[in-house]
Amino acid sequence: MQQYHISRNTSFYAIGLSYKKADAEIRGHFSLTEDAKINLLNQAKTNGIESIIVSSTCNRTEIFGFAEHPFQLIQLLCENTNGTVEEFQKVAYVYKNKDAISHMFRVGSGLDSQILGDFEIISQLKTSARISKKQGLLNPFIERLVNAVIQASKRIKTETNISSGATSVSFASVQYIMRRFENVSEKNILLFGTGKIGRNTCENLVKHTKNEHITLINRTKGKAEAVAGKFNLIVKDYANLQEEINASDILIVATGAQNPTIDKHIIQSKKELLILDLSIPKNVNNNVSELSNVTLIHLDDLSQITDETLENRKQHIPLAESIIEDVKSEFNSWLETRKFAPTIKALKSKLHDFKNAELDTQRKKMAGFNEEQAELISNKLIQKITNHFAHHLKDDAFSTNESLELIQKVFQLQPTKHV
């Protein structure tokens, strides 16, 4: 894939870090709040970046975008998070053009997820693309690529069983709880934080544990009430957090805070307490592990737990990869047509110039010149000629580059910039 298939002066990059090399603490340094994402996009626009999407989840933070050099994107990330360039370089990845395209397909299809087959990332990509489009930072290339990844993701979900079993952090956490407690339906469960992961965890708790002792707390009580209303659960004020923790057997923390909200000083009870921290950055201080009655599990620990369906899901990876290759080949075909689109556009413009000059000549020469008929016939001829050239350029039997050069030389064309 030549660079100018995409953009004349820049390349398409994917830069980021994930659970593979960056632990929860480091991922927390590079985690982007919603406000930080908007600031990053605004800064990108100011810096002349033409198209970019940003994604930040519990197990990865990534930027896909066009730049002359990947450092432009790395700098944007570091300036809008608590991470440093030095720290980034130790754990990061940078992919360019074809490799960046392949990376987005694997991420969006759940093949690169912390829990194999986790499709929650695709909704993040959709949201990221929508926000960038609203900011005027989504060019046709990235928009088409995201749509292709969504298509691949849908096909993998429906045509394979790679998403069977625990395929998300929220479900894995509930599965862990059920394995640990035989009588989970009788335990007092407190869910602190009702963002996306919190809501999904809540839904899985209700569905799988049959527990009627689930309490929700959120800093904004209205959000907790909206979730609780669906499942007929109890909602308590944020001011009652310590009291509710001390009455709980299981505490699930899924807040979006940038610093720990739970530490050992808030836990006064001596009874056994399981804490699951599903937040990035971590929202539970490690000092709670100093309490003998407390067991702390982080989402990174959950992904290490052997799932009996994992081996079965792994068997579907080759089929998932073949689906990706199928959709990716369609995308690459579209990309190839964009390679010669500027030349075809310039050719069409040149032919219209010929037409207008000739019609003007004939108009002066001929009495009763039929303007409408001449316009119709000449436009149809132009369309037939440009279609003929386009079909020739699509034909694998000919060298596209040589054909483009010849067309440009014969017709003295200056192709318009096409991104």
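Reader: Why is Glu272 called exposed?

Author: This is a predicted model, and its values are computed from it. Glu272 has a relative accessible area of 53%. Exposed means over 50%. Therefore Glu272 counts as exposed.

Reader: Where is Glu272 found, and what is it in contact with?

Author: Glu272 sits in the loop between β8 (250–253) and β9 (273–277). Neighbours within four places in sequence are left aside here. Glu272 is then in contact with Ser248, Asp249 and Asn293.

Reader: By what distance are the C-alpha atoms of Glu272 and Gly48 separated?

Author: They are separated by 55 Å. Along the chain, Glu272 and Gly48 are 224 residues apart.

Reader: What makes the pair of Phe12 and Phe66 tilted?

Author: The structure holds ten aromatic pairs. In the pair of Phe12 and Phe66, the ring centres are 5.5 Å apart. The cut-off for a pair is 6.5 Å. The angle between the planes is 45°. Stacked needs under 30 degrees and edge-to-face over 60, so 45° counts as tilted.

Reader: Which parts does this pair tie together?

Author: Phe12 lies in strand β1 (residues 11–18). Phe66 lies in strand β3 (residues 60–67). The pair therefore ties together parts that are 54 residues apart in sequence. Phe12 is buried, and Phe66 is buried too. Both belong to one aromatic cluster, formed by Phe12, Phe64, Phe66, Phe141, Phe331 and Trp334.

Reader: Why is α7 called roughly antiparallel to α14?

Author: The axes of α7 (residues 140–159) and α14 (residues 317–365) cross at roughly 155°. Angles over 145 degrees count as roughly antiparallel. That makes α7 roughly antiparallel to α14. The two axes come within 9 Å, and the crossing is right-handed.

Reader: Which residues make the contact of α7 and α14?

Author: From α7, they include Phe141, Leu145, Ala148 and Ile156. From α14, they include Ile323, Val327, Phe331 and Trp334. The residues of this contact divide into 14 nonpolar, one polar and six charged.

Reader: How do the residues of the contact of α8 with α9 divide?

Author: Among those making the contact are Phe171 and Ile177 of α8, and Asn200 and His208 of α9. The residues divide into six nonpolar, seven polar and no charged.

Reader: What is the phi of Asn232?

Author: Most residues other than glycine have a negative phi. Asn232 is not a glycine, yet its phi is positive, about 60°. Asn232 lies in the loop between α10 (221–231) and β7 (234–235). Its relative accessibility is 73%. The cut-off for exposed is over 50%, so Asn232 counts as exposed.

Reader: What is the phi of Gln412, and where is Gln412 found?

Author: Phi of Gln412 is near 55°, a positive value in a residue other than glycine. Gln412 is found in the segment after α16 (400–411). At 64% relative accessibility, Gln412 counts as exposed.

Reader: Is the peptide bond from Ile280 to Pro281 cis or trans?

Author: The bond is cis, with omega near -5°. Most peptide bonds are trans. Pro281 lies in the loop between β9 and β10 (294–298).

Notes: Residues numbered from 1 in each chain as written. Predicted model: local features only at pLDDT ≥ 70, side-chain atom pairs only at ≥ 80, totals over all residues. Heavy atoms only, no water. Phe/Tyr/Trp six-rings, centres within 6.5 Å; stacked < 30°, edge-to-face > 60°. Helix = DSSP H or I, 4+ residues; strand = E, 2+ residues; numbered from the N terminus. Buried < 20%, exposed > 50% of the residue type's maximum accessible area, 1.4 Å probe, protein only. Axes fitted to C-alpha atoms, helices over the stretch in contact; angles between N-to-C directions. Parallel < 35°, antiparallel > 145°, perpendicular 65-115°, else oblique. Left-handed = near helix turned anticlockwise from the far one by under 90°. Contact = heavy atoms within 4.5 Å. Nonpolar A, V, L, I, M, F, W, Y, C, P; charged D, E, K, R; others polar.
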